[in-house]
Amino acid sequence: MKKNKSFRKARYILYKETLVDYKEHLWTFIGSFFGIGLIAFTQSMSLDKLSNVFLIGSFGASSVLIYGAIQSPLAQPRNLVGGHVISAFIGVCVYKLIPNPELIWISAPLAVSLSIVAMQMTKTLHPPGGATALIAVIGTEKVKALGFMYVLSPVLSGVSILLLVAIIANNLTKNRSYPTNSRLTKYIKPRKIRLRDVTKNRTNL
């Protein structure tokens with residue numbers, strides 16, 4: 001009996017997780033398309049294309065979270081911005097301390113490991129942050145040449161664009177709400193006043 005109950009529960013969870021919600025997929029697509037698209041557009045319109053790179057790989061991973069898994073604690077603004085910025089700073093610091101490419105077997109894991117611990121300590125855990133730290137160490141020469149400017153651009157400027165698009169796209173429909181912190185969303189998506197609530201208030205008066 002217990003096994004049957006566990007089996008039914010597992011089957012329900014599997015069924016629920018594999019439901020196809022075309023509206024959700026549509027808004028996920030719209031958000032990620034415009035988020036990454038705006039960053040790419042900014043890069044394409046950059047006056048000095050040789051010295052700056054706005055589009056880095058970890059932004060793609062962030063898009064999965066902030067447009068496709070918006071209820072996840074790891075997708076919230078604090079995690080998105082803090083995780084990337086802290087990891088970028090640590091990645092640049094590690095590269096400055098160990099610039100020798102022959103010691104990448106030390107610098108690469110050190111940058112990722114330190115960034116993870118730093119995100120844990122600051123409660124800004126965001127998985128793509130590890131990639132941001134790694135890119136600072138193993139990225140192209142254009143990325144490495146940025147030094148600490150890498151933290152501001154492309155990282156901070158890029159996540160700011162992603163966050164702005166996420167706040168807009170994820171609140172255009174009543175079924176989606178981002179961020180999950182009610183103190184923030186009440187300014188973005190005001191709660192609708194229901195007729196039942198109004199009647200109840202009048203009765204209490």
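Leu110 sits in helix H5. In this predicted model, Leu110 has a relative accessibility of 35% and so counts as partly exposed, since that class runs between the 20% and 50% cut-offs. The biggest contributor to the patch is helix H5 (residues 104-121), which supplies 5 residues.

Turning to the inside, the largest nonpolar core has 25 residues, and the ones touching the most other members are Ile56, Phe59, Ile66, Tyr67, Tyr150, Leu162 and Tyr178. Helix H3 (58-68), H4, helix H6 (128-138) and H8 each put two or more residues into this core. H8 has the largest share, with 8 residues. As for Ile56, once its neighbours within four places in sequence are set aside, its contacts are Thr132, Ile135, Tyr150, Pro154 and Val155. There is also a second, separate core, made of 7 residues, with Ile90, Ala111, Ala118 and Val137 among them.

H3 deserves a word of its own. Buried in this helix are Ser58, Phe59, Ser62, Ser63, Leu65, Ile66 and Tyr67. Those buried residues pack against H2, H4, H6 and H8. Two of them, Phe59 and Ile66, turn up again in the list of core residues that touch the most other members.

Then there are the aromatic rings. A pair of them is described by how far apart the centres are and by the angle of the planes. The structure holds 3 aromatic pairs. In one of these, Phe29 and Phe33 have ring centres 5.6 Å apart and planes at 25°, so the pair is stacked. Phe29 and Phe33 are 4 residues apart in helix H2 (residues 22-44), which means about one helical turn separates them. With 3.6 residues a turn, an α-helix has residues three or four places apart pointing the same way.

Phe89 and Phe148 make a tilted pair, with 5.6 Å from centre to centre and 40° between the planes. Phe89 belongs to helix H4 (residues 77-97), while Phe148 is in the loop between helix H7 (141-145) and helix H8 (149-169), so this pair ties together parts 59 residues apart in sequence.

How values were computed:
Residues numbered from 1 in each chain as written. Predicted model: local features only at pLDDT ≥ 70, side-chain atom pairs only at ≥ 80, totals over all residues. Heavy atoms only, no water. Phe/Tyr/Trp six-rings, centres within 6.5 Å; stacked < 30°, edge-to-face > 60°. Core = buried A, V, L, I, M, F, W, Y, C linked by side-chain atoms within 4.5 Å. Buried < 20%, exposed > 50% of the residue type's maximum accessible area, 1.4 Å probe, protein only. Contact = heavy atoms within 4.5 Å.
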